[in-house]
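Me: I would like to learn how to read helix packing, salt bridges and loop contacts from a set of coordinates. Could we take one chain and work through it?

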Amino acid sequence: MTQIPYLDLKSINFMCQKELEQAYQRFLDSGQYILGKAVEKFESEFADYIGVKHCVGVGNGLEALHLILIAYGITEGHEVIVPSNTYIATWLAITYAGAKPIPVEPDPHNYNLDPNRVESALTEKTRGILPVHLYGQPANMESIMDIANQRNLIVIEDAAQAHGALFKGRKCGSLGHAAGFSFYPAKNLGALGDAGAVTTDDTSLADKIRTLRNYGSKRKYYNEMVGYNSRLDEIQAAFLSVKLSYLDGWNEKRKEIAAFYSRSLREISEVTLPHVPDWSGHVWHIYPILCSQRDALQAYLKDSGIDTLIHYPVPPHLSDAYGSLNYSNGDFPIAEAIALTELSLPIGPCMNIKDAEYVVRAIKNYFT
């Protein structure tokens with residue numbers, strides 16, 4: 001039986017195996033394993049790629065968001081607008097900072113934070129908005145920035161799934177006041193372990209995060225503030241520099257597979273396909289479909305040798321982690337409906353059209 005993995009990480013890394021091995025050897029030979037030249041090189045390259053003045057490498061995507069919030073002084077007694085439909089890390093960053101996440105429902109067509117619902121959630125305690133470019137699709141940043149500018153709010157992009165995504169021709173990570181990226185191995189640009197970064201044009205913020213990530217110290221043993229240990233590893237930076245040169249090509253492969261899915265599945269009435277606005281440069285970290293028979297369809301595909309995932313089965317407001325906020329079923333019905341019906345189809349730069357045809361054929365067979 002044909003086997004279609006959800007994402008073939010091993011094959012992705014084998015595509016640049018020789019370069020990764022050379023990068024490892026350079027790292028080993030350097031004798032400098034923390035905050036050295038490899039980190040500086042990747043920070044410069046990624047800042048140029050995103051189109052911002054600064055990139056600061058940190059330990060992971062969650063810490064990137066957390067450090068931005070801390071650096072902007074968002075803390076206890078403050079509120080931050082956050083999507084009700086997202087991975088829980090977005091909420092956790094706000095909680096770690098001591099602030100309160102205030103969920104707002106997504107646009108039911110593109111699953112991202114709905115700017116039209118933000119105004120009613122603002123209070124005198126609101127200090128920021130944290131939109132997520134979910135699944136690789138940019139949030140409507142123009143509308144979000146308009147709201148923020150009127151209210152003097154900080155906008156922090158969660159760009160963990162949006163490496164190379166475009167909003168009206170500008171890259172995600174350059175649209176708000178700052179952005180947090182994850183380079184978790186399964187991302188469009190993935191390290192070979194945990195890694196993250198902050199991107200921004202705010203020089204003062206970048207300097208503060210560089211200090212915060214390194215125990216609150218600019219000079220060894222001289223600590224200016226209560227900081228953290230959240231440094232991008234030299235070896236991961238070296239690997240990321242290699243893989244960055246492949247990113248646009250890999251994203252094009254994802255777009256090819258996504259376009260095939262969208263063409264081939266559009267006649268199946270039981271399936272809702274993702275909507276892409278004209279202004280969106282989607283990079284398809286995830287290809288999400290909605291289906292009321294999601295669980296049965298997933299089981300059928302598994303029996304057919306096709307791996308799928310659910311992003312995400314429990315919205316943050318219904319998780320045990322946020323039980324103290326006392327939300328209930330029905331409080332955020334759009335996010336809850338997505339959680340009950342979303343299914344992520346296999347997609348990645350090593351997948352080919354023949355693989356996608358097999359997936360489509362299996363889905364059509366299920367509904368006939």
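**Reading the contacts**

Reply: The buried residues of helix H7 (residues 203-212) pack against strand S1 (54-58), helix H4 (61-71), strand S8 (178-182), strand S9 (196-200) and strand S10 (217-219). Keep in mind that this is a predicted model.

Me: Which residues of H7 are buried?

Reply: They are Leu 205, Ala 206, Ile 209, Thr 211 and Leu 212.

Me: What is found at the start of H7?

Reply: There, Asp 202 places a side-chain oxygen within 3.1 Å of the backbone nitrogen of Ser 204.

Me: Next, helix pairs. At what angle do H3 and H8 pack, and how far apart are their axes?

Reply: A helix pair is described by an angle, taken between N-to-C directions, and by the separation of the fitted axes. For H3 (residues 37-50) and H8 (residues 234-244) the angle is about 40° and the axes are 8 Å apart. The crossing of these two helices is left-handed. On the H3 side the contact is made by Lys 37, Ala 38, Val 39, Lys 41, Phe 42, Glu 45, Phe 46 and Tyr 49. H8 contributes Glu 234, Ala 237, Ala 238, Leu 240, Ser 241 and Leu 244. Sorted by class, the H3 and H8 contact has 9 nonpolar, 1 polar and 4 charged residues.

Me: How many salt bridges does a search of the whole structure find?

Reply: It finds 9 salt bridges. The test is a side-chain nitrogen of Lys or Arg within 4 Å of a carboxyl oxygen of Asp or Glu. One of them joins Lys 41 and Glu 45, with the closest N and O atoms 2.5 Å apart. Both residues lie in helix H3, 4 residues apart, about one turn of the helix.

Me: Why does Lys 41 count as partly exposed?

Reply: The class of partly exposed sits between buried, under 20% relative accessible area, and exposed, over 50%. Lys 41 falls in that class because its relative accessibility is 45%. Glu 45, at 25%, is partly exposed as well.

Me: Where do Glu 119 and Arg 151, which meet in a salt bridge, lie in the chain?

Reply: Their side chains meet at 3.0 Å, N to O. This pair links distant parts of the chain, 32 residues apart: Glu 119 is in the loop between strand S3 (100-104) and strand S4 (126-129), and Arg 151 is in helix H6 (residues 141-151). Glu 119 is partly exposed at 34%, and so is Arg 151 at 42%.

Me: Is Asp 114 buried or exposed?

Reply: Asp 114 counts as buried, because its relative accessibility is 9%. Asp 114 forms a salt bridge with Arg 117, the closest N and O atoms being 3.2 Å apart. Arg 117 is partly exposed at 35%.

Me: Let us end with a loop. What does Asn 214 contact?

Reply: Asn 214 is in the loop between H7 and S10, and is buried at 18%. Leaving aside neighbours within four places in sequence, Asn 214 is in contact with Leu 35, Tyr 228 and Arg 231. Its side chain makes a polar contact of 2.9 Å with that of Arg 231.

Me: And which side chain makes a polar contact with the side chain of Tyr 215?

Reply: That of Asn 229, at 3.1 Å. Tyr 215 is in the loop between H7 and S10, and is partly exposed at 42%. The C-alpha atoms of Tyr 215 and Tyr 228 are separated by 4.6 Å, although these residues are 13 residues apart along the chain.

Note on methods: Residues numbered from 1 in each chain as written. Predicted model: local features only at pLDDT ≥ 70, side-chain atom pairs only at ≥ 80, totals over all residues. Heavy atoms only, no water. Axes fitted to C-alpha atoms, helices over the stretch in contact; angles between N-to-C directions. Left-handed = near helix turned anticlockwise from the far one by under 90°. Contact = heavy atoms within 4.5 Å. Nonpolar A, V, L, I, M, F, W, Y, C, P; charged D, E, K, R; others polar. Buried < 20%, exposed > 50% of the residue type's maximum accessible area, 1.4 Å probe, protein only. Polar contact = N/O pair within 3.5 Å; in protein donor to acceptor, adjacent residues only side chain to side chain.
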